[in-house]
Amino acid sequence: MLFHPTRRATLALFGSLFLLAGGVQAQAGKLPNVRILATGGTIAGTGATSTTTVGYTAATVGVQALIQAVPELAKVANVTGEQVFQIASENMGNEHWLQLAKRVNQLLAQPDVDGIVITHGTDTLEETAYFLNLVVKSRKPVVLVGSMRPSTALSADGPINLYNAVQLAGNPAAAGKGVLVAMNDQIHTARDVTKANTTTADTFRAAELGMIGYIQSGKPYFYREPTRKHTVDTEFDVSKLASLPQVDVAYAYANVGAVAVNALVAAGAKGLVHAGVGNGSLPANTKPALVAARAKGVVIVRSSRVGQGIVARNGEANDDQLDFVAGDNLSPQKARILLMLALTKTGDTREIQRMFNTY
Ligand code: SIN
C-alpha cells in the first residue's frame with residue numbers, strides 16, 4: 001500500500017501509543033488467530049494523488065500489502081491473509097458469494113482460526129454480509145470491512161477500519177452475533193446496515209434500528225443484540241450448492257409499467273422482488289404482470305424502495321389472495337438474497353413467508 005510520508009509518521013506514533021496502551025488480547029498474552037480474506041474494493045484501491053477520493057481505481061493492492069500497511073495488527077492478533085478475489089464490489093456475483101461462504105465455513109471449522117475479517121468494496125458490502133449471515137455455520141466472529149477513501153488518500157480510512165475489524169474478529173464478545181460490519185468506529189449487524197451516502201466515510205448506517213456498538217481504541221463496546229436468526233440457526237446450507245436460483249429486483253416509480261417485470265420473467269427469473277413505492281404498493285400497470293408471473297410459478301416478494309419500515313402482509317395488497325410474500329423490513333437487495341436462499345429449499349410461499357418473518 002502506498003502512503004504519504006505524514007501517514008508513515010502517524011503510523012509510527014500510533015504504533016507506539018498502541019504498544020503503550022496494550023490491546024486486551026495483548027495484555028492477556030495470547031493473541032487470537034484472525035484470517036483476513038481480501039476481495040478488493042476501495043480499501044485496496046489507489047488514486048493518482050493523495051487528494052484523489054473519486055475516480056481512483058479499486059482493487060489493486062494485495063492482501064499482504066494491506067496487512068503490512070498496518071503493523072499495529074501484529075500486536076493484537078496473529079494475522080494471516082488470503083486473496084480470495086480482487087474485484088470492485090459492483091462485480092460481486094452469486095458465484096463469488098458461494099465460493100466465499102464455503103471458504104469461510106471451511107476456515108471457521110478449523111480450531112486454529114478464531115475469527116475472520118473480509119475486506120470488501122463498500123458498494124455491495126451489505127449484501128455479502130447478509131448472505132454470509134444466512135449461510136455461515138459458526139458462532140465465531142466474521143467481520144466485513146471496507147473503506148471510502150483509497151489507500152493513497154489523505155486520511156485514508158482503510159487502515160483504522162482494518163485495525164478495528166481485526167480487533168473485533170479476535171474478540172470473543174463478537175461471537176454469536178451473526179456477521180458484523182465494522183466501519184467508521186461503529187459495529188453494525190449484517191441485516192440492518194446499508195450504505196447510505198455515495199462518498200462520505202460515515203456511509204454505513206442502520207438508520208432507524210441503529211448500530212449495535214462502537215469500537216474505541218480497538219475495543220468493542222456492544223449495546224444491542226440482533227433478534228433475527230442467523231448463522232448456525234438458519235436452515236440454509238451452501239455446502240452442496242453450485243449456483244443460486246435467478247432472482248431479480250423490479251423497481252417501481254411513478255408511471256412504471258410492466259416492461260421490467262415481463263423482461264425479467266422472460267429472462268428466466270424464478271423469483272422477483274417488487275421494490276414497490278410506499279408500503280410495497282402494486283401500481284395498476286405492474287400488478288397484472290406480477291400476477292401473470294406468479295401464475296407461471298415465479299415467487300413474488302413485495303418490498304419497498306422507501307428504506308425503512310415493514311411491508312405489511314395483506315396491507316397494500318392481498319398477499320393471501322395473490323399468493324405473494326411480504327418482505328418485512330428488508331431492503332429490496334437483501335430481500336433478493338433471502339428469496340434466492342429460500343428457493344434453494346422450497347417453492348411454497350407460506351414457507352417462504354415464514355423465512356421472511358424469521359431471518
Ligand atoms: C467497491 O465497492 O468496490 C468500490 C467502492 C468502495 O469500495 O467504496
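This is a predicted model: local features need pLDDT of at least 70, side-chain atom pairs count only at pLDDT 80 or more; totals for chains, interfaces and linings use all residues.
A residue is taken as buried when its relative accessible area is under 20%, and as exposed when that value is over 50%, with partly exposed in between.

The partners are 29 residues apart and belong to distant parts of the chain: arginine 294 is in helix α9 (residues 287–295), and aspartate 323 is in the loop between α10 (319–322) and β14 (325–326). Arginine 294 is classed as buried because its relative accessibility is 15%, whereas aspartate 323, at 30%, is partly exposed. Shared partners also connect salt bridges into one network made up of Arg191, Asp192, Arg228 and Asp328.

A further salt bridge is formed by glutamate 225 and lysine 177, whose closest N and O atoms are 3.4 Å apart. This pair, too, links distant parts of the chain, 48 residues apart: lysine 177 is in the loop between α7 (158–169) and β5 (180–183), and glutamate 225 is in the loop between β10 (219–222) and β11 (247–251). Lysine 177 is buried, at a relative accessible area of 9%, while glutamate 225 is exposed, at 52%.

In the salt bridge between arginine 354 and glutamate 235, the N to O distance is 2.7 Å. Here 119 residues separate the partners, with arginine 354 in helix α12 (residues 349–358) and glutamate 235 in the loop between β10 and β11. Arginine 354 is partly exposed, with a relative accessible area of 31%, and glutamate 235 is partly exposed at 24%.

Key
Residues are numbered from 1 along each chain as its sequence is written. Side-chain values use heavy atoms; hydrogens and water are left out. A salt bridge is a side-chain nitrogen of Lys or Arg within 4 Å of a carboxyl oxygen of Asp or Glu. Helices (H or I, at least four residues) and strands (E, at least two) are DSSP runs, numbered from the N terminus. Buried means under 20% relative accessible area, exposed over 50%, partly exposed in between (1.4 Å probe, protein chains only).
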